[in-house]
Amino acid sequence: MSAAKKSLDKSKIKFVLLEGVHQSAVDTLTSAGYTNIDYLPSALTGDELTERVKDAHFIGLRSRTQLTREVFEKAEKLIAVGCFCIGTNQVDLQAAQEYGVAVFNAPYSNTRSVAELVIAEAILLLRGIPEKNAGCHRGEWLKSAAGSFEIRGKTLGLVGYGSIGSQVSVLAESLGMRVIFCDVVNKLPMGNASQIPTLDALLAKSDIVSLHVPEIAATKNMIGAEQFAKMKKGAIFINASRGTVVDIDALAAALESGHLSGTAIDVFPVEPKSNNDEFISPLRAFDNAILTPHIGGSTAEAQENIGLEVASKLVKYSDNGTTTSSVNFPEVALPSQNDVHRLLHVHRNEPGILVAINQIFSQNNINICGQYLQTNEKVGYVVVDVEAAYSEVALEQLRNIPGTIRCRVLF
Ligand SMILES: NC(=O)c1ccc[n+]([C@@H]2O[C@H](COP(=O)([O-])OP(=O)(O)OC[C@H]3O[C@@H](n4cnc5c(N)ncnc54)[C@H](O)[C@@H]3O)[C@@H](O)[C@H]2O)c1
Ligand SMILES: O=C(O)[C@H](O)COP(=O)(O)O
């Protein structure tokens, strides 16, 4: 039996990188030998997207590109997706899993950038700087201490105390703020911060409320007219999480009535598809609203780190099958496969598949040099290292096991 030449040559492995991901991603891929890179500065939608990715093995994107079930259906060669950001709500993770596509992200690389922006906005809003700045640009001179406050001693209410919320907490305490937070999970408070049981209690106690929750069904419109009414008169509201979490018309009404003294919003329910499209929002009417074009994580440091981190995860998965930190896939950390051929088998989690896999090796008298397995509710991922001479026959038979989603060999 001779070894089959079935491990795909790196030059044939196609990466489509969308939304202008940082050059560090391209550098990481090319230095690992992956040169077939289709790089685009913007997002794609509809047919343009499906046409572009139909022969891609890897897709890289940021928060704009929507990877729907239809995209996974059409991108038949797709092995993995890299979200060069924190959020993964733009990807249908369920569909990705069903098609055997591992999804990776950068869970911490822009955390600090968002946290710094939130603190900066809190200080500016407490001083009424956005209105004063807008006034100066119009030739007005609004010199006054009325409605202008130090941040020291104020209460910051954080909704969501994950990576970003807890970073904001640390920075806020270093400026002398009191920090309270609510989260659906019990969290270890940083410093002197304290978790309080309900959102309503947090809204009633906070001078500034800042949201740091993911976009999920439970957070859709979680802040609306009722919640704004529960906030203190003159309070400040900040959202740099996801646009779907806040009812923007209700926020505009709370600013219009003067119930809130200011807001900073970085994310919107509908965001322009590109930098050439108009930004439409009722909040444009308010000088005391800091409006930013979803740039919470857009710093040089964050983008460079994200490029490196996510591209490294894609390289690792492509080179040796490691899925550590994937957001939708069974996680397996694999050693390098020095003198062996590595078979990667992704299958539906159904009874009998593991038996069928092992039978192939026993019936063909193939010695297993290493075997790794991880399973989640829907998908199983089995990795088997065998001597080179046996990989072709094993690959062929593994692919024929009913319930197989994907199978490839690496050497
Ligand atoms: N504006 C930007 O550019 C930017 C940049 C990075 C991240 N984000 C967004 O910020 C959000 C938070 O990021 P992270 O890294 O801190 O995520 P994370 O997963 O570390 O933390 C989210 C926290 O929210 C909590 N949570 C979930 N549902 C909740 C609910 N209903 N009520 C209260 N708490 C709830 C979770 O338990 C978790 O602790 C994400 O939506 C992410 O997409 C935006
Ligand atoms: O999820 C994230 O990390 C942020 O929303 C940033 O997304 P972006 O890469 O599109 O700026």
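Modeller: H294 is partly exposed, because 18 other C-beta atoms lie within 10 Å of its own. The cut-offs are these: 20 or more such atoms within 10 Å make a residue buried, 12 or fewer make it exposed, and anything in between is partly exposed, with C-beta atoms placed from the backbone. This is a predicted model, so local features need pLDDT of at least 70 and side-chain atom pairs pLDDT 80 or more, while totals for chains, interfaces and linings use all residues. Residues are numbered from 1 along each chain as its sequence is written, and chains are lettered from A and ligands numbered from 1 in the order in which they are written.

Where does H294 lie? It lies in the loop between β12 (289-291) and α11 (300-320). Helices here are DSSP runs of H or I with at least four residues, strands are runs of E with at least two, and both are numbered from the N terminus. Look at the backbone too. H294 has a phi near 50°, a positive value in a residue other than glycine.

H294 also belongs to the shell around ligand 2. A residue joins such a shell if its C-beta atom, placed from the backbone, lies within 6 Å of the molecule. Ala, Val, Leu, Ile, Met, Phe, Trp, Tyr, Cys and Pro count as nonpolar; Asp, Glu, Lys and Arg count as charged; the others, Gly among them, count as polar.

Now turn to ligand 1. It is surrounded by 31 residues, and the closest are G87, G160, G162, I164 and G296. Two elements give two or more residues to this shell: α5 (111-126) and α7 (163-174). The largest share, 3 residues, comes from α7. The classes are 14 nonpolar, 13 polar and 4 charged.

N365 has a positive phi of about 55°, and it is not a glycine either. N365 sits in the loop between α12 (353-363) and β14 (368-375). N365 counts as exposed, because it has 7 C-beta neighbours inside 10 Å.

Strands pair if DSSP finds at least two bridges between them. β14 and β15 share 7 bridges in the antiparallel sense. Y372 has V383 in β15 as its bridge partner. A hairpin of 3 residues joins β14 to β15. β15 (379-387) also pairs with β13 (340-348), again antiparallel, over 9 bridges. There, H345 stands opposite V382 in β15.

Next, a strand with cover on both sides. In a regular strand the side chains alternate between the two faces of the sheet. In β10 (235-239), 5 of the 5 residues are buried. A235, F237 and N239 are on one side, I236 and I238 on the other. β10 pairs in the parallel sense with β9 (208-211) over 4 bridges. L211 stands opposite N239. β10 also runs parallel to β11 (260-265), with 5 bridges joining them. I236 stands opposite G262 there.

β9, α9 (225-230) and β10 make a right-handed β-α-β unit. Right-handed means that, with the strands pointing away from the viewer, the path from the first strand over the helix to the second runs clockwise. β10, α10 (248-256) and β11 make a right-handed β-α-β unit too.

Finish before β1 (15-17), in the segment that holds L8. L8 is partly exposed, because 15 other C-beta atoms lie within 10 Å. V170 comes 162 residues away from L8 along the chain, and their C-alpha atoms are separated by 47 Å.
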